Amino acid sequence: MEKNTPINGNDLIALGYPQTELVGIALKANKKRTGLTKIEMLAHYKMVLDNAEDYTNHKIFGKLATAIIEGVGQREEEEVIPLREEAVAYSIYGSEHIEEGAIRQMEVAVKLPVAVAGALMPDAHQGYGLPIGGVLATENAVIPYGVGVDIGCRMALSIFDMKGIEFYGMEALLKEQLVKHTKFGAGHGFLGQYKAQHAILDRGEFNLNPFIKNLHDKAWAQLGSSGGGNHFVEWGLMEFLERDEVLNIDKGTYVALLTHSGSRGMGAMIAGRYTQIAKDQCKLPHEAKNLAYLDLNSEAGQEYWTLMNLAGDYASACHEVIHDKLTKAIGAEVLAKIENHHNFAWKEMYQGKEVIVHRKGATPASKGVMGIIPGSMTAPGFLVRGKGEEEALHSASHGAGRQMSRTQAIKTLKARDIKAVLQDHGVELIGAGKDEAPMAYKDIHQVMAAQGELVDVVAMFTPKIVRMADDGSRED
């Protein structure tokens with residue numbers, strides 16, 4: 001019976017469809033409905049409205065998706081802000097390894113009226129709005145989806161006063177402490193006496209408005225935890241082929257701890273709220289709608305900027321808690337700690353004027369700035385020092401980048417093959433879904449070769465014991 005439950009115009013209007021001829025086109029799609037329940041159909045209708053590009057070749061929703069992209073039924077009273085006819089210049093690195101979808105997204109972004117310059121990193125792949133690996137400089141405007149959902153997501157590395165040879169023989173201890181002191185996955189956090197304490201929780205920005213005040217308890221519970229998806233905490237070996245004077249570390253191999261995570265549920269909620277506000281205030285053509293921006297002189301723009309920075313500092317606090325717990329647990333001294341973030345926007349100078357630089361999955365690489373570029377759970381990561389390349393907007397890649405979508409990886413990869421690759425590389429894995437398999441990622445060596453003019457390699461990190469979300473859940 002459920003499969004035959006009718007869908008009417010009011011159902012579609014409730015999802016956000018305008019009361020125009022678009023509703024009629026949408027209802028025609030319902031006539032092709034085969035085997036889908038009303039709930040499933042409405043879920044698809046919503047996804048088509050939000051991301052029509054994904055449905056252009058769909059047998060049921062293809063015509064509707066095309067109509068949306070072409071602007072059929074756009075309310076006349078909505079003034080759409082036109083894109084530039086001529087795009088601003090942008091640089092691309094490692095183009096031969098970047099999918100067409102990411103390049104198309106970048107080409108839309110550099111036509112925004114507020115765009116100043118752009119760059120696409122060699123690990124780039126398609127995302128929402130700005131591609132992952134996309135860097136965009138704008139004039140006095142911030143794009144919530146140009147920052148991303150996981151605001152301030154970052155890498156943090158602790159290098160210990162323990163020679164690499166000491167790793168062998170203490171694996172059991174390292175694994176035990178890793179499991180004991182970390183928690184992963186969307187919605188997961190700590191309760192009662194296990195909650196961490198940190199000065200970030202006393203920040204005045206939590207009183208900015210009722211929205212962020214209501215997120216304080218979630219922030220406290222998730223402090224020191226890690227997200228799902230590609231987030232990890234891992235022990236590994238850090239190899240310096242020569243002494244580094246700046247870090248004061250001699251040539252040799254050291255035990256190290258590397259973490260990757262962001263601002264958890266709090267960051268996701270901030271991103272969702274201010275993306276919607278931006279879309280309500282900044283009507284762009286359909287292909288650019290996820291690039292809706294906030295004027296930094298506006299109240300909403302100032303609120304987002306303040307909360308984005310709070311979320312970034314909160315993400316840093318989460319890493320600090322993890323590193324402090326595990327450093328204490330193994331009784332080691334830290335020789336050096338390096339941290340860098342992406343999914344953020346910075347006020348920087350470009351060609352003599354201040355701009356807002358969005359790095360969505362891209363590492364800051366100003367001259368002399370340290371960064372960490374991970375590979376996959378079996379591929380090496382690299383400690384790098386930026387060269388300050390202006391054409392790249394002082395940026396580099398944030399990792400290897402995906403070459404296989406999560407859905408494709410889950411459907412095509414076999415657990416036994418993943419296990420064999422892990423064994424070949426001597427990596428012990430705790431958790432993770434098939435979508436995080438090493439084969440789902442690009443070759444990190446190709447990615448690094450494509451950005452030789454952006455960064456210098458200082459040392460190499462080899463993962464040994466890796467922990468990720470047990471359920472393979474996506475990032476918050």
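## Salt bridges and cysteines

Asp11 is buried, its relative accessible area being 18% (buried is under 20%, exposed over 50%, partly exposed in between, with a 1.4 Å probe and protein chains only). The model is predicted: local features need pLDDT of at least 70, side-chain atom pairs count only at pLDDT 80 or more, and totals for chains, interfaces and linings use all residues. Residues are numbered from 1 along each chain as its sequence is written, and side-chain values use heavy atoms, leaving out hydrogens and water.

A salt bridge requires a side-chain nitrogen of Lys or Arg within 4 Å of a carboxyl oxygen of Asp or Glu. The count by this rule is 12. Among them are the following.

| Pair | N to O distance |
|---|---|
| Asp11 and Lys38 | 3.5 Å |
| Asp313 and Arg203 | 2.9 Å |
| Arg402 and Glu436 | 3.4 Å |

Both Arg402 and Glu436 are buried. Arg402 sits in the loop between β15 (395-397) and α12 (406-412) and Glu436 in the loop between β16 (428-430) and α14 (444-449), so their pairing ties together parts 34 residues apart in sequence (helices are DSSP runs of H or I with at least four residues, strands runs of E with at least two, numbered from the N terminus).

Asp313 is partly exposed at 35% relative accessible area, and Arg203 is also partly exposed, at 26%.

As for cysteines, the structure has zero disulfides (pairs of cysteine sulfur atoms within 2.5 Å). For Cys318, the nearest cysteine sulfur is that of Cys153, 11 Å away. Cys318 is buried, with 1% relative accessible area, and Cys282 is buried at 5%.
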